[in-house]
Structures are given as structure tokens and as C-alpha cells.
Amino acid sequence: MLLLQAVLLLLVLPSPGEVTTTEETLPKEGCAGWMAGIPGHPGHNGTPGRDGRDGTPGEKGEKGDPGLVGPKGDAGETGVPGVEGPRGFPGIPGRKGEAGESSYVYRSAFSVGLETRVTVPNVPIRFTKIFYNQQNHYDGTTGKFHCNIPGLYYFSYHITVYLKDVKVSLYKKDKAVLFTYDQYQDKNLDQASGSVLLYLEKGDQVWLQVYGDGDHNGLYADNVNDSTFTGFLLYHDTN
């Protein structure tokens, strides 16, 4: 123990140069035979100092990962309508639709003429000169038109009168519906005509015939004079 204290004492003693310097700096009132003591024990830690000033802001860090999606919020109020946008381009044409009922055209028509004089009254007049009868709804052997398509029809006749007076009737289903009378003028051709609209059902028949006695059958036709009978469908019955 004494040896250790001697070693420590030698360590703390100044060298001869240092003693001279120290002595020169000591005050005149100091003790001439001063000797340093043994170092004491380390003191206790002092109280923490005050917080220092805030440092300068550091550099901006990297962007973090996206957070979780939050719950859906409530619907907001309807906004004010915006300005109408420009008109768009025409769209692609759609497919062609199916044909409707009216796409089918119903046809029924005839136009016939007289080839010889009529001598027999009260029977259908047989017009055997065919101008048009594509649907064959007129029967030249009987002189009657047969209705195959129910609907509204137009009928007309134009008669050349010669040598005798003329009385003709247009019949529908054995009933006269139109009458025409023309009085013959001596040594001169005359004309008589008539027309009517009739609604026909399927199976109805229409024809012309002379009524009365044989003195009123002055219907006439030759190569330059005609007596004609015509009829056609205006529109068919959709019911």
C-alpha cells in the first residue's frame, strides 16, 4: 500500500523545469514549500442541463406506403347541371326489322270490254274482251267478278249506246245497287256510265245486266267503239 502511494506521488510531482515555471507563476504570497495532494475521488454527476435550441429542419423523407382505404362516405348533394356537350357522331345503323302485316300488298283488279251486242236481258252481261285480269277474279264465262279479298272496292262501267235505249244495273249478291238509263238518239252514238264504291266480303259476286224487257238492250261495241266494265280493290279489310 505504501509502495502504491509512493508511485502515485512520483507521478504527480512536476519535473524540475515545470517547478520553476510554476513557481514563477505563483503569487508572491503563496507557500514556498507547497506540495500537491493525492487526487480525490470523482465527483457526482451534475444536474441535467437545459434543452438546447431546435436544430435546423432535416431533409424531406421518402414517401410512405399508401394507407388502408377508408369507409365510403355519404353521397353528396347533386351538383349543378353542366353545359351541354357537343353533338356526337351518328351511331351504327341497327338491324333491319321484320316485315309487318302491311308489307304484303293485296291485289284484286280487272278491266274487260264487250265484243258483241247484248241481246238477252236480265242475265249477267259477258264481257269477254280482257284488258286486265291478272288475279283471275273476273270470270269471263259467267260475266261475274268474284271477291277473294274482303275490303272496299271501286266499280265503274262505260257503255256505248246504239240503235236502242239502254237500262243497265250493277248487281251485288243478286241485288241491284246501281241503275243507269240512257235514251238513244236516232242515227247517233250515245254514251252512258256509272260508278260506285262497295264493301265486299269474301265470296260476294258483282256483275252488270240489262233490266226490263228486250227494248232496252242497246249496248254496243265494235272495233272503234267500246263498252267496258272495271273494278279494283282500294284497301283490304284488316279485321
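**Briefing: core and surface patch**

Setting aside neighbours within four places in sequence, L170 touches F155, Y157, K175, A176, V177, L178, V196, L198, V206, W207, L208 and F229, where contact means heavy atoms within 4.5 Å. This is a predicted model, so local features need pLDDT of at least 70 and side-chain atom pairs count only at pLDDT 80 or more, while totals for chains, interfaces and linings use all residues. Residues are numbered from 1 along each chain as its sequence is written, and side-chain values use heavy atoms, with hydrogens and water left out.

**Overall layout**

- The protein chain has 2 helices and 10 strands; these are DSSP runs numbered from the N terminus, with helices being H or I of at least four residues and strands E of at least two.
- Going along the sequence, the order is α-α-β-β-β-β-β-β-β-β-β-β.
- Take the contacts between residues at least 6 apart in sequence: 70% of them join residues at least 24 apart.
- The accessible surface is about 18,900 Å², and 54% of that belongs to carbon and sulfur atoms; the areas come from the Shrake-Rupley method with a 1.4 Å probe, and for residues only the protein chains shown count as cover.
- Of the 239 residues in the protein chain, 26% are buried, with buried meaning under 20% relative accessible area, exposed over 50%, and partly exposed in between (1.4 Å probe, protein chains only).

**The largest nonpolar core**

- This core has 31 residues, and F155, L170, L219 and F229 touch the most other members.
- At least two residues each come from β1, β5 (151-172), β7 (190-200), β8 (205-210) and β10.
- β5 gives the largest share of this core, with 8 residues.
- A nonpolar core here is a set of buried Ala, Val, Leu, Ile, Met, Phe, Trp, Tyr and Cys residues joined through side-chain atoms within 4.5 Å.

**The nonpolar patch**

- L197, F232, L234 and Y235 make a nonpolar surface patch of about 400 Å².
- Patch residues have over 30% relative accessible area and no salt bridge; like charges are joined within 9 Å, nonpolar side chains (Val, Leu, Ile, Met, Phe, Trp, Tyr) within 5 Å.
- A salt bridge is a side-chain nitrogen of Lys or Arg within 4 Å of a carboxyl oxygen of Asp or Glu.
- Strand β10 (residues 228-236) brings the largest share of the patch, 3 residues.
- F232 sits in strand β10 and is partly exposed, at 31% relative accessible area.

**Y106**

- Y106 lies in the loop between α2 (16-25) and β1 (109-113), and is partly exposed at 33% relative accessible area.
- Beyond its neighbours within four places in sequence, Y106 contacts I149, L233 and H236.
- Y106 and L234 are 128 residues apart along the chain, with 9.4 Å between their C-alpha atoms.
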